[in-house]
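Subject: Handover of a structure

Dear colleague,

Please find below the structure that I am handing over to you. My notes on it follow directly after.

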Amino acid sequence: MSAEAEEIAHDTVEAAVRAQLAKALGGVRGILEAAIPTISFTVSWISTEDLKLSLIVSISLAVVLLLVRIVQRSTPQFVINSLIGIAIGAFFASRTGDAKDFFLPGILWNAGYMVGMLLSIVTRWPVVGFLIGSVTGDPTAWRKDPGIVKLCIRLTWLLMLPCAVRVAVQGPVYLFGGGDQAVAALGVAKIAMGWPLQVAALAAMLWVLGRGRTPIKPPVAPA
């Protein structure tokens, strides 16, 4: 669908953002594909305390999920995202020999997202606004309408919240925890605070979006 066609299909900011959020979620299958490699790593480590074996099991499952997507000719985007995250975590853990370092890239990633979104809010360039720009074909036109900017700031706060919670909970466990208990706690936290927390935030965003009808085009100034 062209940018012009999408703009016609989504005549309000709320409709445009809802459509983009639906694309980003990936459905139940995307959620499972993100969780299975982490679950396998955590269970394998707790059972065997063999870091190399746990990494092999986790990466192998991610590769199998990717091959299934390829065979079925469905989009591999969510599996690839998961595989990249698993591979980076495996690199960190294998370099240090500490299983809990498998979870460090995810913590740093969430911290980076949190800081980036906070800066976008403070500067009044909320990242959700660019979802609207991707629909209209003009990445910055939405800033001409204070109502749209205000709405996008609220939505960006909600989008940032899961990242902040993950860092606040997983960060101290990583820094101060040790041994099997820390690995198990980080594994459980990563799964519980992954898609479930993201879905909760997206549900809150959809609730906000369902309350209004903000025109997607900024008002034209009188001649």
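The chain contains 10 helices and 0 strands, where helices (H or I, at least four residues) and strands (E, at least two) are DSSP runs numbered from the N terminus. Along the sequence the pattern therefore reads α-α-α-α-α-α-α-α-α-α. This is a predicted model, in which local features need pLDDT of at least 70 and side-chain atom pairs count only at pLDDT 80 or more, while totals for chains, interfaces and linings use all residues. Residues are numbered from 1 along each chain as its sequence is written, and side-chain values use heavy atoms, with hydrogens and water left out.

Of the 223 residues of the chain, 40% count as buried. Buried here means under 20% relative accessible area, exposed means over 50%, and partly exposed lies in between (1.4 Å probe, protein chains only). Among contacts (heavy atoms within 4.5 Å) between residues at least 6 apart in sequence, 73% join residues at least 24 apart.

The nonpolar cores

A nonpolar core is a set of buried Ala, Val, Leu, Ile, Met, Phe, Trp, Tyr and Cys residues joined through side-chain atoms within 4.5 Å. The largest one has 15 residues, and those with the most contacts inside it are Phe-41, Leu-51, Leu-55, Ala-99, Phe-102, Phe-103 and Val-183. Helices α3, α4, α5, α6 and α9 each give two or more residues to this core, and its largest share, 3 residues, comes from α5. A second, separate core has 14 residues, including Val-128, Trp-142, Ile-153 and Leu-202.

Setting aside neighbours within four places in sequence, Phe-102 is in contact with Phe-41, Leu-55, Ser-58, Ile-86, Gly-89, Ala-90 and Ala-93. Ser-58 itself lies in helix α4, which spans residues 51-72. Ser-58 counts as buried because its relative accessibility is 0%. Not counting residues up to four places away in sequence, Ser-58 touches Pro-37, Ser-40, Phe-41, Ile-86 and Phe-102.

Thr-42 has its place in helix α3. With a relative accessibility of 6%, Thr-42 also counts as buried. Its contacts, leaving aside neighbours within four places in sequence, are Phe-103, Val-183, Ala-184 and Gly-187.

The largest pocket

Which residues lie nearest the centre of the largest pocket? They are Asn-81, Trp-109, Tyr-113, Arg-166 and Trp-195, out of 45 residues that line the pocket. Two or more lining residues come from each of α2 (13-25), α3 (27-48), α5 (77-96), α6 (104-122), α7 (129-136), α8 (146-176), α9 (179-192) and α10 (195-209). Helix α5 gives the most to the lining, with 10 residues. The lining divides into 30 nonpolar, 13 polar and 2 charged residues; Ala, Val, Leu, Ile, Met, Phe, Trp, Tyr, Cys and Pro count as nonpolar, Asp, Glu, Lys and Arg as charged, and the others, Gly among them, as polar.

The volume of the largest pocket is about 1,500 Å³. On a 1 Å grid over the protein atoms alone, a pocket is an open set of points where a 1.4 Å probe fits, with protein on both sides within 12 Å along at least five of seven lines, and lining residues have an atom within 4 Å of a point. Grid points are joined across faces, edges and corners, and the volume is the space filled by probe spheres set on the points.

Cysteines and loops

The structure holds 0 disulfides, a disulfide being a pair of cysteine sulfur atoms within 2.5 Å. Cys-152 is buried at 0% relative accessibility, and Cys-163 is buried with a relative accessible area of 6%.

Most residues other than glycine have a negative phi. Glu-49, in the loop between α3 and α4, has a positive phi near 55 degrees. Arg-73, in the loop between α4 and α5, likewise has a positive phi near 55 degrees. Glu-49 is partly exposed, because its relative accessible area is 49%, whereas Arg-73 is exposed at 79%.

Finally, Ala-200 is found in helix α10 and is partly exposed, with a relative accessible area of 44%. From C-alpha to C-alpha, Ala-200 and Leu-158 are 9.5 Å apart in space, and they are 42 residues apart in sequence.

With kind regards
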